[in-house]
Every structure is written in structure tokens, then in C-alpha cells.
Amino acid sequence: MLIDLESYYLQPIKTRDAWALCDFIISNEDRLKRYFPKTLEQNLTPDLSKVFVEKKVKQFRLKEEFLFTLKEKSTKQLVGLIYIKEIDPIKKQGEFAYCIGYPFEDKGLASKSVKLLTEFAFKDLGLKTLQIIAHKTNLASVKVAENCGFIWKKTLKNEFTPNGELPLDMELYELYFENE
């Protein structure tokens with residue numbers, strides 16, 4: 001499965017992505033440490049990334065969690081990660097999480113990726129509700145939610161605790177599947 005995005009493409013994480021993932025994580029460590037601490041700590045070395053990727057490939061196959069890599073076509077460089085996680089098969093609900101590397105920010109890549117993967121989540125996975133949870137100061141993430149048609153629902157009190165910080169209130173955005 002390959003999803004075309006002009007000069008970029010999305011595809012499910014593959015075992016051969018471990019080295020590139022480690023490189024991406026280390027290159028973007030400062031931006032990932034606050035909102036992606038678990039992904040960061042699990043990818044600090046190539047060996048850790050190999051274990052992480054094997055786990056994510058298995059979770060994808062089992063439809064437990066879906067991690068997509070965003071790569072530049074010309075170089076095949078990994079430039080971002082898009083998760084569909086927190087899958088609840090009873091509620092038919094999932095949550096997006098995403099990160100884009102420093103040199104590729106402000107190109108609309110996260111918004112384009114989320115829009116395309118929303119279609120996948122609704123049509124292929126049968127989800128009915130998608131969520132994005134973002135801190136109000138993470139303006140890029142809030143912009144992605146709004147650009148993709150997600151509607152602010154409420155503030156989630158003490159929802160997320162970054163390493164070494166007090167718990168943060170987070171903003172919940174949702175998008176619902178509309179039968180045509």
C-alpha cells in the first residue's frame with residue numbers, strides 16, 4: 001500500500017525502515033521529546049529502532065495500531081510519521097498522532113497525510129470517529145486538526161504529562177464519518 005502525495009508518499013512502516021527511523025528520531029529529538037517521549041526513547045539507537053519497527057509492523061498486521069512513514073520520493077528520506085492509534089473496535093474510534101521533521105515543516109505535509117489517512121481509516125478500517133489531541137500552544141498540530149475538518153470538542157484536564165513537567169490540559173478535536 002502506497003499513498004501518493006506529489007513529491008512525497010505514505011506507506012505502512014516496514015522492517016527495513018529501522019535505520020532511517022532512528023536517524024529521523026535523533027535528528028528531531030528536540031521537537032519529539034515533549035509530545036512523543038515514548039517513540040523517542042524507543043528509537044535512540046539502531047538496535048532499539050529495529051525492535052520498535054518489528055513491534056509496529058506486527059501491530060499494523062494485527063490492526064491494533066497503524067504507523068505510516070512519510071518519505072520524500074526523490075531521496076526516499078523519512079520526513080515524518082503518522083500514527084492511527086488508540087483503536088477502539090467497539091466505539092469504532094481511533095486517534096491521529098503525527099510529526100514532521102524540521103526541514104519539512106510548513107509544507108502542509110501533515111495535513112495532506114491526515115486527510116488521506118482519514119479516508120483509509122473510515123473506508124478500510126471502518127472507524128466512525130477520529131480524534132486529534134493537541135496542546136493549545138502546539139499551533140502546528142491545532143492547524144492540522146482544523147485544516148482536516150476536525151472540530152474542537154473539549155479541553156481534557158491533565159490529559160498528558162511530558163517527561164519532567166506537570167500534567168497538561170489537552171484539546172480534543174474530532175471528525176465523524178458521514179455516510180454519503
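Modeller: Read along the sequence, the protein follows the pattern β-β-α-α-α-α-β-β-β-α-β-α-β-β. Helices (H or I, at least four residues) and strands (E, at least two) are DSSP runs, numbered from the N terminus. The model is predicted: local features need pLDDT of at least 70, side-chain atom pairs count only at pLDDT 80 or more, and totals for chains, interfaces and linings use all residues. Residues are numbered from 1 along each chain as its sequence is written, and side-chain values use heavy atoms, with hydrogens and water left out.

Colleague: In what order do the eight strands stand in the sheet?

Modeller: Strands of a sheet pair through backbone hydrogen bonds, either parallel or antiparallel. Here the order is S1-S2-S3-S4-S5-S6-S8-S7, in an open sheet with mixed pairing; two strands pair if DSSP finds at least two bridges between them. Strand S1 (3-5) and strand S7 (151-160) are at the edges with a single partner strand each, so one side of each has no neighbour in the sheet.

Colleague: How many bridges join strand S5 to strand S6?

Modeller: Four bridges link S5 (residues 93-100) and S6 (residues 129-134), which run parallel. Among the residues involved, Glu 95 has Gln 131 in S6 as its bridge partner.

Colleague: Which strands does helix H4 lie across?

Modeller: Helix H4 (residues 46-61) lies across strand S2 (8-12), strand S3 (66-72) and S4, at about 115° to S3. Axes are lines fitted to C-alpha atoms, for helices over the stretch in contact, and angles run from 0 to 180 degrees between N-to-C directions. Helix H1 (residues 18-27) lies across strand S4 (78-88) and S5, running at about 100° to S4.

Colleague: At what angle do the axes of H1 and H4 cross?

Modeller: Two packed helices are described by the angle between their axes and the distance between the axes. The axes of H1 and H4 cross at roughly 115° and come within 8 Å. Their contact (heavy atoms within 4.5 Å) involves Ala 18, Trp 19, Leu 21 and Cys 22 of H1, with Pro 46, Ser 49, Lys 50, Phe 52 and Val 53 of H4.

Colleague: Is Lys 55 buried, partly exposed or exposed?

Modeller: Buried means under 20% relative accessible area, exposed over 50%, and partly exposed in between (1.4 Å probe, protein chains only). Lys 55, which lies in helix H4, is partly exposed because its relative accessible area is 42%. Across the protein, buried residues make up 47% of the 180 residues.
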